[in-house]
Amino acid sequence: MSGEATIKVWDIAVRVFHWSLVIAFFVAYFSGDDENVLHVYAGYAVLALVAFRIVWGFIGTRHARFADFIYGPATTWRYVKSMISSKPLHYLGHNPLGGWMVVALLLSLIGTCWTGLETYGQEGHGPLAQADIRLISPAMADDDEEDHRGGRGQGNGEADGDEFWKELHEAFSNFTLFLVILHVAGVLIASGIHKENLIKSMITGYKPPS
Ligand code: HEM
Ligand code: HEM
């Protein structure tokens with residue numbers, strides 16, 4: 001593309017996936033506090049993107065495949081040690097640590113979306129609402145929320161299934177945010193060590209060789 005010799009690493013699908021995910025994730029994260037349709041749509045977008053990326057991890061182009069960037073513990077450890085040496089090992093696709101971070105991010109996003117769907121289901125909406133209705137009889141569903149476990153006036157915590165999923169959903173979304181912070185720090189550190197601009201590569205798709 002540009003004048004210098006570069007190698008195409010990230011296909012268009014991976015790049016569109018990544019930056020769409022960044023937008024959808026932050027929209028979902030910052031719209032979660034009130035019940036609004038924007039939050040639910042952003043959450044569904046995250047779920048669809050993650051589902052797509054998993055499929056693409058099996059049938060996509062070379063560096064998009066899980067088989068290209070999931071390394072065993074020995075290789076991952078060798079990479080970690082090389083990072084602090086004068087000759088850091090270089091990978092054209094994700095490096096072994098980056099590869100494991102991709103897996104962690106995808107799993108945490110699945111957990112976030114799943115618990116979001118459960119929360120939404122508890123509120124009587126979305127695909128999991130149906131399952132709820134079958135578990136709780138309509139008569140009970142009306143007025144049991146507050147105190148059917150007789151929690152001696154405490155009124156918080158486990159007696160309320162609605163709160164349970166909401167709390168778990170919040171915990172998952174915060175954990176994902178924590179991973180994202182580590183992810184971006186990792187990207188910046190790896191860019192520094194290898195003297196290359198990984199963020200630019202995720203935009204253009206190209207990397208300098210070796
Ligand atoms: C603005 C902040 C972000 C920046 C600058 C950024 C940057 C990058 C870069 C440079 C890569 C490629 C790493 C490599 O070369 O090995 C990457 C990959 C990735 N990032 Fe981010 N990222 C950001 C936010 C996020 C967020 C919010 C998520 C998810 C919630 C995310 C999930 C991923 C995933 C799943 C990959 C793997 C890409 C693939 O193989 O499909 N990133 N990111
Ligand atoms: C990566 C995707 C998502 C992120 C980052 C996210 C984040 C959040 C956050 C931070 C909250 C506020 C929690 C609280 O204040 O207790 C929240 C609430 C909620 N989320 Fe998500 N969420 C995501 C996906 C989803 C999905 C897929 C759904 C379901 C379709 C969903 C449904 C809900 C519901 C119903 C609430 C409670 C809103 C309320 O009643 O106040 N979320 N989410």
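A residue counts as near a molecule or strand if its C-beta atom, placed from the backbone, lies within 6 Å of it. The structure used in these exercises is a predicted model, in which local features need a pLDDT of at least 70, side-chain atom pairs count only at pLDDT 80 or more, and totals for chains, interfaces and linings use all residues. Residues are numbered from 1 along each chain as its sequence is written, while chains are lettered from A and ligands numbered from 1 in the order in which they are written.

**Exercise 1. The shell around ligand 1**

Find how many residues surround ligand 1, which come closest, and which helix supplies the largest share.

Step 1. Applying the 6 Å limit, one finds 21 residues around ligand 1, and the closest are Phe-25, His-94, Gly-98, Leu-198 and Met-202.

Step 2. Helices (H or I, at least four residues) and strands (E, at least two) are DSSP runs, numbered from the N terminus. With these elements in hand, H1, H5, H8 and helix H9 (198-204) are each seen to give at least two residues to this shell, and H1 gives the largest share, six residues.

Step 3. The shell around ligand 1 then divides into 15 nonpolar, five polar and one charged.

**Exercise 2. The shell around ligand 2**

Carry out the analysis for ligand 2, and state which helix supplies the largest share of its shell.

Step 1. Around ligand 2 there are 26 residues, of which Ala-28, Gly-32, Gly-43, Gly-116 and Ser-173 come nearest.

Step 2. At least two residues each come from helix H1 (12-31), helix H2 (37-59), helix H5 (96-122) and helix H8 (161-194), and the largest share, seven residues, belongs to H5.

**Exercise 3. His-94 and its surroundings**

Decide whether His-94 is buried or exposed, and list what it touches.

Step 1. A residue is buried if 20 or more other C-beta atoms lie within 10 Å of its own, exposed if 12 or fewer, and partly exposed in between, with C-beta atoms placed from the backbone. His-94, which lies in the loop between H4 and H5, has 23 other C-beta atoms within 10 Å and is therefore buried.

Step 2. Two residues are in contact if their C-beta atoms, placed from the backbone, lie within 7 Å. Leaving aside residues up to four places away in sequence, His-94 touches Phe-69, Gly-99 and Val-102.

Step 3. Val-102 belongs to helix H5 and is partly exposed, because 17 other C-beta atoms lie within 10 Å. Val-102 in turn touches Phe-69 and His-94, again not counting residues up to four places away in sequence; the C-alpha atoms of Val-102 and Phe-69 are 9.2 Å apart, although 33 residues separate them in sequence.

**Exercise 4. The whole chain and its confidence**

Describe the fold in outline, and say where pLDDT stays under 50.

Step 1. The protein has nine helices and two strands, which follow the pattern β-α-α-α-α-α-α-α-α-α-β along the sequence. Of its 210 residues, 17% count as buried.

Step 2. pLDDT is the predictor's confidence in each residue, from 0 to 100. The protein averages a pLDDT of 87, and 82% of the residues score at least 70.

Step 3. Over residues 134-159 pLDDT stays under 50, and the model has eight contacts beyond four places in sequence for this stretch. Where pLDDT is low, the predicted coordinates should not be read in detail.

Definitions and conventions
Ala, Val, Leu, Ile, Met, Phe, Trp, Tyr, Cys and Pro count as nonpolar, Asp, Glu, Lys and Arg as charged, and the others, Gly among them, as polar.
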